[in-house]
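Hello,

Here is the structure you are taking over. Please look through it first; my notes follow below.

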Amino acid sequence: MTNALKKTALSLMTVAALTAVAGCQTTKVSRVDTNTEVALTDRWNATDSRLVSEEMISDMLSFPWAADYERQNPGKRPTVIIQRIRNKSHEHIAVETFSNDLKRAVIRSGRADFVAGGAERDDIRGERRDQEFNARTDTQVAMGEETGARFALSGSINSFVDSLDGDRVTSYQVDLKLIDMLTNREVWNGTKKIQKFQEKSSFGF
Amino acid sequence: MYRLMYRHVILLFFVVFASGCATYGNDIQTALTYTQSGQPDKAAQAFEKVIKADGSDRLLYYMELGVLKHLNGQYQESNRLLEQAERLVEEFYTQSISEALLVAMSNPTVADYKGQVFEDVYINYYKALNYLFLAEQATGRIERSDLLDSALVEARRLDNKLTKLKNERGSYQDAEDKKEQTFTQILSLFEKLLGNYIDEDALIFRENAYSHYLSGLLYEQQKEWDDARIAYQKAAELYEQGYAKQVGVGDDMIGQAWLDTIRMMDKAGGWDSSIRKLKWEKLDDDLRDKLRDYRNSDAELVVLNHLDFVPQKKELDFVMYVEPARKEMVLTPLLIGNAQESGDKYAWFWMMYADKGILDVVERYSNGGLDNVVRTIINKRVVLGPAWDLVEDLNIDSALRDGGVRVSVPYYPPARTISNKNTLTVDGFDYSLVKAESLARLALNEQILRARTDLYEALARETLKNTLLVESANSVLGEENALLNYGLKALTATTARADTRTWLTLPAEVHVARIPMVSGEHTLTLTNQFTKGAGWVTQHKTIQLEPGQIQVWRQRSFPKLSHTAHQELLKAEAPAKEKPSIFGKLLN
């Protein structure tokens, strides 16, 4: 056998052996804090949802609408309903989770209340109707006593992607607006952008 | 004497082994036959028996099952599978060096199937359709809108993928512009002199007009007129710039895409001068009449007719050997199989590999006269010349002489059963469907572009395997043993395989019909006329159109099952006969 060929064969065998060793990994699972970001891809994740909602609500509450309402209605907090937040991005984002993050951020601030809307509100109304027939009268919740929302929160999640070979820049933009339903006045409009850069190598073991 | 006998034995071995190699299509044939017979649930069961979710074919597992579940109306399950497929494609971007080494020592089928570019696009296409049909089934307005938004997520992913592709491969317009350059024209002349008649630029998949067209339909469903207009216009322009020619789509589809662009301009408002201009430039009389019909209708029917299956790749085998006297490497195709198969193999060999250039023929003639020219028609000969010393140094010549070695590459036989007339009958009135996409052509184009690389990789792989084995064996024995060499060649021949894997449940073609309608109940009949005795296939449906509704009817059409395929299905369904026990035998 020629030397060159022997070397080639030896190299191939060494690499094959190393590959075999590298392949002997076992599955390992560990607990991590939910506030710690574990970004495996550039997709929208739980940390994005939480951070964006916290920052946007903080911005929303810094606008004068809440203080104006409290001044006009002493001892009362403004009530907000979440209308539609549309996913106009390229990722299947769990919009409901994002809405819940928004609600939590508002409730935690203690500056505003949320009222149920959409299918959730229909379910509650169904429950009340059911109580009329099936619950004891002293425990029944009366119809027509709902708190009406004064402000409506709506918006959209958009995204832009630029990629070439293994590199990809993904930008997410969340646009939210708050409308005073009494006057149709837009009392707040906020935007939050996040950008992610993902690099992938063409070769690996 | 013995050497000659061994040589014939090894050639016989190659022929026997080559004819016995199962392709991916053979492996999943039962599942395909069940699909063709309209039983996608049984097809999925049959498929899962042969292809597993954790092997090197796992991408195919998710893609094929994704389509089968879609055909069975399990749209959510189909999306779950296709999402897995999409993530796998992303993972496969990084090429594994260890896997490449493994392939070099065996064959490409041991590597993960990574999918072809157009297949990646069709993952999102099917996901978008799944969301669209889930939206049609939704009872609530918000739920329907959310599901349509999910379909649009897939449209945006498609757009991102296609933009990336265009940036990497250049647009159809770039390819057209390049053709006009003098340097390219001179280069093309030399290519033809060298026998390469295939214009590779014309075959490269750069964008996908039909995907943009579907995106337009999805945006229109969500009443986003501007986005719909942009998508339809992009589709129309891509068809015009070269996509239609690349996949064999006619002018009628280009007209349809422009018609839809004009409709969206009309709905969005503010495009009056563009509409007037485009109506006369892009539409013929029939399409202008159709545009008027839209104004008198309050609903629309869209038929997406998916036809048949994409073709299956087969295996073409060669014997590769060296002729030391001529310092040449010779490739002889093994044209085994029935007359049709061997004809297909020879046609592919001639089209892709044979030395048919004027310069080649002249060189052959000068080296050996007319006899040598004739011999090159049935062989591919590579003059090694100065590289011969390297061949001897690496002992490649001893590994490749005495019967040679077996090399396998994939090829596509021509499509034989095609649908040449597709008609939609609505309440007794006939409408023609227009061809919007040909995945069969996309698959064929990709394989033509890969053919040379496939062959070179196969040659290098089989040379390396055989040289290493023969050299190792001889160095252990301390001398060359002809019988052992033949045995080792027989051994390596069993590991030579072509990669025939492709996503086979995809349709060969998509034909489209869009009919402006009046709301109410309508009866539909879809008729496909297939060639080669596969006959007429007719399917019926009754729809209830609401005002403002765009109803999409996605219907798959297959030619009738052949008698043999029908018998195969019956055999697959027959309960396995239990072998009688020893006691049973004794009692009988």
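This is a predicted model: local features need pLDDT of at least 70, side-chain atom pairs count only at pLDDT 80 or more; totals for chains, interfaces and linings use all residues.

Residues are numbered from 1 along each chain as its sequence is written, and chains are lettered from A and ligands numbered from 1 in the order in which they are written.

Arg111(A) sits in the loop between helix 4 (95-109) and strand 2 (113-114) of chain A. Helices (H or I, at least four residues) and strands (E, at least two) are DSSP runs, numbered from the N terminus. Neighbours within four places in sequence aside, Arg111(A) is in contact with Leu61(A), Ala66(A) and Arg77(A) (contact means C-beta atoms, placed from the backbone, within 7 Å). Between the C-alpha atoms of Arg111(A) and Ile179(A), which are 68 residues apart along the chain, there are 16 Å.

Two loop residues have a positive phi without being glycine. For Asp165(A) the value is about 50°; Asp165(A) belongs to the loop between strand 3 (151-164) and strand 4 (167-180) of chain A. Asp165(A) counts as exposed because it has 12 C-beta neighbours inside 10 Å. In chain B, Asp427(B) has a phi near 50° and lies in the loop between strand 7 (419-426) and strand 8 (429-432). Asp427(B) is exposed, with 11 other C-beta atoms within 10 Å.

Now the helix packing in chain B. The axes of helix 6 (residues 75-91) and helix 8 of chain B come within 9 Å and cross at roughly 155° (axes are lines fitted to C-alpha atoms, for helices over the stretch in contact, and angles run from 0 to 180 degrees between N-to-C directions). Helix 6 of chain B is therefore roughly antiparallel to helix 8 of chain B, a term for angles over 145 degrees. On the helix 6 side, the residues that meet helix 8 of chain B include Tyr75(B), Leu82(B) and Val89(B). By class, this contact of helix 6 with helix 8 of chain B has 8 nonpolar, 4 polar and 3 charged residues. Ala, Val, Leu, Ile, Met, Phe, Trp, Tyr, Cys and Pro count as nonpolar, Asp, Glu, Lys and Arg as charged, and the others, Gly among them, as polar.

The largest nonpolar core has 99 residues, and Ala151(B) and Tyr239(B) have the most contacts inside it. Such a core is a set of buried Ala, Val, Leu, Ile, Met, Phe, Trp, Tyr and Cys residues joined through C-beta atoms within 7 Å. Helix 8 (residues 117-137) of chain B gives the largest share of this core, 12 residues. Beyond neighbours within four places in sequence, the contacts of Ala151(B) include Ala128(B), Tyr131(B) and Leu218(B). Another core, of 30 residues, lies apart from it, with Tyr321(B) and Met352(B) among its members.

Last, the interface: 24 residues of chain B are in contact with 27 residues of chain A. Helix 9 of chain B supplies the largest share of the chain B side, 10 residues. That side has 7 nonpolar, 10 polar and 7 charged residues.

Regards

Definitions and conventions. A residue is buried if 20 or more other C-beta atoms lie within 10 Å of its own, exposed if 12 or fewer, and partly exposed in between; C-beta atoms are placed from the backbone. Two residues are in contact if their C-beta atoms, placed from the backbone, lie within 7 Å. Angles under 35 degrees count as roughly parallel, over 145 as roughly antiparallel, 65 to 115 as roughly perpendicular and the rest as oblique.
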